[in-house]
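Please have the sequence and the structure at hand before starting.

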Amino acid sequence: MLVFDGHDYQKGKRWSVSIERDRIVAVEEAHPAEEGEQVLELGGKFLMPGLIDAHFHANSPSLNVGVADRLAESHLAQHARKYLEEELLRGFTTVRDAGGADPGLAQAVREGLIVGPDLYVSGKALSQTGGHGDMREGVQLCGCAGYTGSLSCVVDGADEVRRHVRELLRSGVDQIKIFVSGGVLSPTDPIWMEQFIDAEILAAVEEAERRRTYVMAHAHTSSAIQRCVRLGVRSIEHGLLMDEKTADIVAGSESYIVATLLIVSSLISGRLPLPPGALEKAKSVADAAVKAIEFGDRAGVRFGFGTDLLGELHGMELEELVLRSSISGTLATLRSATTVNAEIMGLKGEIGCIMPGARADILILDANPIDDIGALVHNPGAYALLMKNGVAVVDRLTAQ
């Protein structure tokens, strides 16, 4: 059996992984089975941890956010259920929602009402007026109408940010999401626009830290990334306009970057209708994205893995592995989608690894994705076994 434990690729030995209930209890060289143990002989198969998607959007039935904003919450929840159930079957046993999903959806997964990945939620992401999360259509001359939609809400001023963060944490979210640079799909902000002042970002970071959690921040530009590092943001989302100097700054900090390449390449493909101005913004990001990853790899930036797909693009999540592998290599990409993401989420040793004490989130494949990532991505029947929390979701082993 070949083993990728989330960090190292082990081969050339006979390995034994022991599971009791929902936990891995031992990882060691193979030994004769003890009385009462159920044994699966895996031969030359490949074993690895369940994947982690650290930038998922469950509440996203359309690239046009206005469509989701007009849906009843009960209707939106059914879209989320479908996306989560399909995400688990792709091998993602944990996902971190980057805006929109609430603690009730996570509770539904824990109770088994949704057979999906373990879900870590941010609630609605926080945006300043006119920022990336302000999805109001058209021009409104009166500034009194704040926006609250399916993915985000508008807040202005450090005191209001602090109050909203406290409310989110009180509701049971796992982390806080904010926007600190412009974005592609939002209607009024250019990519280069700085968003939230330092006092507002600090208010979010301070309140999250007081509850022993962290802030994840949408940030494309080098200036926004540097502000995130300076102000204590742990998880910097996208980072696709990062220059070489900024990569060095991130590498020397405690911050991570969760890169998301597939959403950008999908938007510029021409296959999907986009809001006005979005195509031009997407092209400006796509032109720099590969360089940003290369700068980060050379500097030693700790890259997490996220997909950021919405609406019609759901179902393509594994393709992000292909794009990242083409730049960073397969082993580094799989580490990003397992152990690095676990570190970002404060769950090191709990998920994304094959080691004693970790959750029994396990994938077993016939082929070796280290040698060919296509074995994981382009094979609908890739998994001989897909286990989440010690329970088999897909099992072709015992049926043989």
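**Conventions**

The model is predicted, so that local features need pLDDT of at least 70 and side-chain atom pairs count only at pLDDT 80 or more, while totals for chains, interfaces and linings use all residues. Residues are numbered from 1 along each chain as its sequence is written, and side-chain values use heavy atoms, with hydrogens and water left out. Helices (H or I, at least four residues) and strands (E, at least two) are DSSP runs, numbered from the N terminus.

**Exercise 1. Describe how H6 packs against H7.**

Step 1. Two packed helices are described by the angle between their axes and the distance between the axes. Axes are lines fitted to C-alpha atoms, for helices over the stretch in contact, and angles run from 0 to 180 degrees between N-to-C directions.

Step 2. For helix H6 (residues 222-231) and helix H7 (residues 244-251), the angle is about 15° and the axes are 10 Å apart. H6 and H7 are therefore roughly parallel to each other; angles under 35 degrees count as roughly parallel, over 145 as roughly antiparallel, 65 to 115 as roughly perpendicular and the rest as oblique.

Step 3. The crossing of H6 and H7 is left-handed, meaning that the near helix is turned anticlockwise from the far one by less than a right angle; clockwise would be right-handed.

Step 4. From H6, Ser222, Ile225, Gln226 and Val229 meet Thr246, Ile249 and Val250 of H7, where contact means heavy atoms within 4.5 Å. By class, this contact of H6 with H7 has 4 nonpolar, 3 polar and no charged residues. Ala, Val, Leu, Ile, Met, Phe, Trp, Tyr, Cys and Pro count as nonpolar, Asp, Glu, Lys and Arg as charged, and the others, Gly among them, as polar.

**Exercise 2. Which residues of H6 are buried, and what covers them?**

Step 1. Buried means under 20% relative accessible area, exposed over 50%, and partly exposed in between (1.4 Å probe, protein chains only). The buried residues of H6 are Ser222, Ala224, Ile225, Arg227, Cys228, Val229 and Leu231.

Step 2. Because 7 of the 10 residues of H6 are buried, H6 is largely enclosed by the rest of the structure.

Step 3. The cover over these residues includes helix H5 (198-210), strand E12 (215-221), strand E13 (235-241) and H7.

Step 4. Just after H6, Gly232 takes a positive phi of about 90°.

**Exercise 3. Characterise the packing of H7 with H9.**

Step 1. H7 and helix H9 (residues 278-299) have axes 8 Å apart, at an angle of about 45°. That makes H7 oblique to H9.

Step 2. The crossing of H7 past H9 is right-handed. Glu244, Ala247, Asp248 and Ala251 of H7 make the contact with Phe295, Gly296, Arg298 and Ala299 of H9.

Step 3. The residues of the contact of H7 with H9 divide into 4 nonpolar, 1 polar and 3 charged.

**Exercise 4. Give the strand order and pairing of the open sheet of 3 strands.**

Step 1. The order is E6-E7-E8, and the pairing is parallel; two strands pair if DSSP finds at least two bridges between them. The edge strands, each pairing on one side only, are strand E6 (51-56) and strand E8 (118-120).

Step 2. Neighbouring strands of this sheet are turned by 20° against each other on average, direction ignored.

Step 3. E6 and strand E7 (residues 92-97) pair over 4 bridges, and Ile52 stands opposite Thr94 in E7.

Step 4. Helix H11 (residues 330-344) packs on the sheet, touching E6 and E7, and its direction makes about 70° with that of E6.

**Exercise 5. How are E3 and E4 joined?**

Step 1. Strand E3 (residues 15-20) and strand E4 (residues 23-29) pair in the antiparallel sense over 6 bridges. The bridge partner of Trp15 in E4 is Glu29.

Step 2. E3 and E4 form a hairpin with 2 residues between them, and Arg21 in the turn has a positive phi of about 55°.

**Exercise 6. Is Ile362 buried or exposed?**

Step 1. Ile362 lies in strand E16 (residues 362-365). At 2% relative accessibility, Ile362 counts as buried.

Step 2. Not counting residues up to four places away in sequence, Ile362 touches residues including Val17, Ile19, Ile24, Leu47 and Met48.
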